[in-house]
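Hi everyone, thanks for coming. I'd like to walk you through one structure today, so please have a look at it on the screen.

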Amino acid sequence: FVKGFLESVENGTIANSKPLSVDPTTKTQLVKRIVVALDVRQNDHGDLVVTKGDQYDVRENEKEGVSEGKGGVRNLGKPVSLAGRYYAEGADEIAFLN
């Protein structure tokens with residue numbers, strides 16, 4: 001599922017995706033899954049970045065090149081690249097939070 005999403009973003013076909021069909025008569029079982037939640041914000045330059053912190057101000061400090069925003073928020077990277085990394089490490093699902 002994650003691989004298909006990443007490929008559709010990469011090749012521009014995400015708009016053509018369709019919902020999965022579900023058989024409501026099928027019995028379900030519990031399984032362990034790794035679900036990654038990425039907090040995505042827009043920085044001062046208009047780029048989407050994944051953030052980590054307890055306050056959600058991703059604007060950068062006055063010094064150029066500083067990757068830590070106000071309130072101890074850290075910019076961890078671009079959402080699609082981090083999603084690819086988590087997929088490679090075995091994530092079952094990725095949620096992009098805004």
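Let me start with a question: is arginine 33 buried, partly exposed or exposed? Arginine 33 has a relative accessible area of 44%, so it is partly exposed. For the cut-offs, buried means under 20% relative accessible area, exposed means over 50%, and partly exposed lies in between, with a 1.4 Å probe and protein chains only.

Before I go on, a word about where this comes from. This is a predicted model, where local features need pLDDT of at least 70, side-chain atom pairs count only at pLDDT 80 or more, and totals for chains, interfaces and linings use all residues. Residues are numbered from 1 along each chain as its sequence is written, and side-chain values use heavy atoms, with hydrogens and water left out.

Now the overall layout. The protein has two helices and four strands, and from the N terminus on they run α-β-β-β-α-β. Helices (H or I, at least four residues) and strands (E, at least two) are DSSP runs, numbered from the N terminus. Of the 98 residues, 22% count as buried. If we take contacts, meaning heavy atoms within 4.5 Å, between residues at least 6 apart in sequence, 51% of them join residues at least 24 apart.

Next, the strands. Strand 1 (35–42) and strand 2 (residues 48–52) run antiparallel and are joined by four bridges. We say that two strands pair if DSSP finds at least two bridges between them. Valine 40, for example, has valine 50 in strand 2 as its bridge partner. Strand 2 also runs antiparallel to strand 3 (residues 74–77), with three bridges, and here threonine 51 is partnered by asparagine 75.

Let's stop at the hairpin of strand 1 and strand 2. Five residues sit between the strands, and glycine 46 takes a positive phi near 85°. Asparagine 43 is in that loop too, and it counts as buried because its relative accessibility is 10%. A polar atom of the asparagine 43 side chain lies 3.0 Å from the backbone nitrogen of histidine 45. For a polar contact, we want a pair of N or O atoms within 3.5 Å; within protein, one must be able to donate a hydrogen and the other to accept it, and residues adjacent in sequence count only if both atoms are side-chain atoms.

Back to arginine 33, then. How many salt bridges does a search of the whole structure find? There are two, each being a side-chain nitrogen of Lys or Arg within 4 Å of a carboxyl oxygen of Asp or Glu. In one, arginine 33 joins glutamate 93, with the closest N and O atoms 3.2 Å apart. That pair links distant parts of the chain: arginine 33 is in the loop between helix 1 and strand 1, while glutamate 93 is in strand 4 (residues 93–97), 60 residues apart. Glutamate 93 is at 34% relative accessibility, so it counts as partly exposed. The other pair is glutamate 89 with arginine 85, at 3.3 Å between the closest N and O atoms. Glutamate 89 has a relative accessible area of 53% and is therefore exposed, whereas arginine 85 is partly exposed at 47%.

One last stop, for those who like surfaces. Isoleucine 14, in the loop between helix 1 (2–11) and strand 1, is partly exposed at 39% relative accessibility.
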